[in-house]
Amino acid sequence: MSDPSVPLAAVPAAGDRRRAVAPAHLRFFHGPMDCGKSTLALQVDHNQSRQGRSGLLVTQGDRSAEPRISSRVGLSRDAVEIDPGTDLTLLVRSHWADGRRVDYLIVDEAQFLTPAQVDQLAELVDASHVDVYAFGLTTDFRARLFAGTQRLLEVADDVQRIQVEVLCWCGLPGLLNARVVDGAMVRSGATVVVADTAPTPAPGETDDPATGTEVHYQVLCRRHHVLGQLGPTAAGPGQLALS
Ligand SMILES: Nc1ncnc2c1ncn2[C@@H]1O[C@H](COP(=O)(O)OP(=O)(O)O)[C@@H](O)[C@H]1O
Ligand SMILES: Cc1cn([C@H]2C[C@H](O)[C@@H](COP(=O)(O)O)O2)c(=O)[nH]c1=O
């Protein structure tokens, strides 16, 4: 009796002389900022590579501002920096042309992928049997799905919300990312603004010397994201500060 969990296409028919190829998968791990996505990405890479598999790590807009995947736990690893114009199929093929195997891809900051790039990842899984592990934010600062996240939710074989809870200041699980500019929560602006959840720079320092503004993110529960309340005494617009 064949194993029903293994797609028939991966099981050579009797007499079929094709080498049985293990099926590959497109896996997407998502959550709010600071929930452990980059850490998990590096753990997956570690466990895959120690079994002799060859991986390719890609990222964009890492908080280190370097072509690296870096975790707040302190781990980091070199990665290929991509951008919305990168053809991921050609990127993998160029590694093959250089004689480098690519058994799996680790894609961090996957929220920044274009839908077309997500489709390229799916094609690499289906046609070239490359396992793809993607890690990214669920929603942007407006609590809307990123385009790359939406496409991954539509086509990934496996979708998992990362289980490490990030807490809102009120103690409830934080699911949504608030953008804080000069101390106030904002709901308009560019979707992509690379910044951290780190505490604000020292007085007089700013994140963006060009504009002099300080930008960071804060993870909130749904209620306080809706209210725009960044803390127990910080009232959102038109909201009484509630203890
Ligand atoms: N000093 C620390 N000791 C243990 N865990 C830490 C430490 N600093 C950060 N972390 C863990 O790392 C998580 C953030 O990991 P990271 O991979 O950078 O998140 P993401 O990529 O989702 O923003 C935090 O939620 C916390 O669990
Ligand atoms: C909510 C939100 C975030 N970003 C940026 C901010 C960071 O640079 C990354 C996410 O980093 P993580 O800690 O590894 O999750 O995304 C953005 O550009 N736009 C947003 O709305």
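View 1. The largest pocket holds about 420 Å³ of space, where a pocket is an open set of points on a 1 Å grid over the protein atoms alone, each fitting a 1.4 Å probe, with protein on both sides within 12 Å along at least five of seven lines, in contrast to a cavity, from which the probe cannot get out; grid points are joined across faces, edges and corners, and the volume is the space filled by probe spheres set on the points. The model is predicted, so that local features need pLDDT of at least 70 and side-chain atom pairs count only at pLDDT 80 or more, whereas totals for chains, interfaces and linings use all residues. Residues are numbered from 1 along each chain as its sequence is written, chains are lettered from A and ligands numbered from 1 in the order in which they are written, and side-chain values use heavy atoms, with hydrogens and water left out.

**View 2. Residues that line the largest pocket.** The lining comprises 29 residues, with Met33, Lys37, Arg63, Arg72 and Glu109 nearest the centre of the pocket, a lining residue being one with an atom within 4 Å of a grid point. Helix H1 (37–49) and strand S9 (176–181) each supply at least two of the lining residues, and H1 gives the most, with three; helices (H or I, at least four residues) and strands (E, at least two) are DSSP runs numbered from the N terminus. By class, the lining has 13 nonpolar, nine polar and seven charged residues, with Gly counted as polar.

**View 3. Ligand 2 in the largest pocket.** Ligand 2 sits in the largest pocket, in the sense that more than half of its atoms lie within 2 Å of the grid points. Among the 19 residues around ligand 2, Lys37, Arg72, Phe141, Thr191 and Val193 come nearest, a residue being near if one of its heavy atoms lies within 4 Å. Oxygen atoms of ligand 2 lie 2.9 Å from a polar side-chain atom of Lys37, 2.9 Å from a side-chain N or O atom of Arg72 and 2.9 Å from a polar backbone atom of Val193. The protein covers 99% of the 490 Å² of accessible area that ligand 2 has on its own, by the Shrake-Rupley method with a 1.4 Å probe.

**View 4. The surroundings of ligand 1.** The residues around ligand 1 include Cys35, Ser38 and Arg72. An oxygen atom of ligand 1 lies 2.5 Å from a side-chain N or O atom of Arg72.

Key:
Polar contact = N/O pair within 3.5 Å; in protein donor to acceptor, adjacent residues only side chain to side chain.
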